[in-house]
Amino acid sequence: MNINDITITSLETINAFDIVSGAYKFTLDELQNATIAQTEEKSEITGKHGRKLANLKRNKAVTISGTNGMVSGGLLEMQTGGSFQNKATEVLWTDYLTVSENAATTSYKAVGTTGAEIEALYTKDANGVMGGELEQAATAAAGKFTYDPATKALAFSGIADGTEIVVYYKRKITADVLDNDSETYSGKCALYIDALGEDKCANVYRIQFYIPKADFNGEFSLEMGENQTVHSFDAEALAGACGAGGKLWTYTIFGANTEDVA
């Protein structure tokens, strides 16, 4: 089969595996775009009067970059060098409550130093603007409140019914947690980039780029706001992967219904 020109019509997935063990790492299946860029250094060899005789070529470099339409936990692990753990952890919670008969109840149990479980508590004025801060104490009084973690009850003194309050406190929960340690750096993995393509006669092919050793860049951003949050990535292909020799990547084209070799 002689394949000349191919149009890549669809970018399908990027799958990542451990270089040494071959264990599965993650899949990017909501890819908005991906780019494989190659560079090569070239220096001129000159002769008499600066005549150009040849080019000395060296230092091929390949980068893989793109954006995924969803934030990928596996990609975050690769970029930070950390790993997700399902464990007990603390999160800051915010309650918007209304005082009735000098009392209110937090939605969840606040944790922390006994007698100081509430991080901060503010009352709101008639315009909904946060006003004075109240202090947690052993006895409710003017400007002070009490809190019972066992019942989640807040008690006040001299607060009018219907007064809105904002309560900040820590909760203890079980969650998936990724710690971005300052002394742990981005990792390496093997990548398979799968796409679909067509030739000039509308024959459909599968296309696969295999990068034996992709060194991920620890520099990335997660833009959050009015627009969709996308997960960007950037990696460099390295030579010398186990069993791959000097290959930076392999480009494979095969028919959509190609059978196994007997």
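**First look**

T146 stands opposite A155 in β10. Here strands are DSSP E runs of at least two residues and helices are H or I runs of at least four, numbered from the N terminus. This is a predicted model, where local features need pLDDT of at least 70, side-chain atom pairs count only at pLDDT 80 or more, and totals for chains, interfaces and linings use all residues. Residues are numbered from 1 along each chain as its sequence is written, and side-chain values use heavy atoms, with hydrogens and water left out.

**The sheet**

- β9 (residues 144–148) pairs with β10 (residues 153–155) in the antiparallel sense over 3 bridges; two strands pair if DSSP finds at least two bridges between them.
- Both belong to an open sheet of 7 strands with mixed pairing, in the order β5-β11-β7-β8-β9-β10-β6.
- At the edges sit β5 (85–98) and β6 (103–105), each pairing on one side only.

**E135**

- You'll find E135 in strand β8 (residues 130–136).
- E135 touches G143, K144 and F145, leaving out residues up to four places away in sequence; contact means heavy atoms within 4.5 Å.

**The cores**

- The largest nonpolar core has 22 residues, and L191, I211, F216 and F233 have the most contacts inside it.
- Such a core is a set of buried Ala, Val, Leu, Ile, Met, Phe, Trp, Tyr and Cys residues joined through side-chain atoms within 4.5 Å, with buried meaning under 20% relative accessible area (1.4 Å probe, protein chains only).
- A second, separate core of 15 residues includes V99, A104, Y147 and V167.

Note on methods
Buried means under 20% relative accessible area, exposed over 50%, partly exposed in between (1.4 Å probe, protein chains only).
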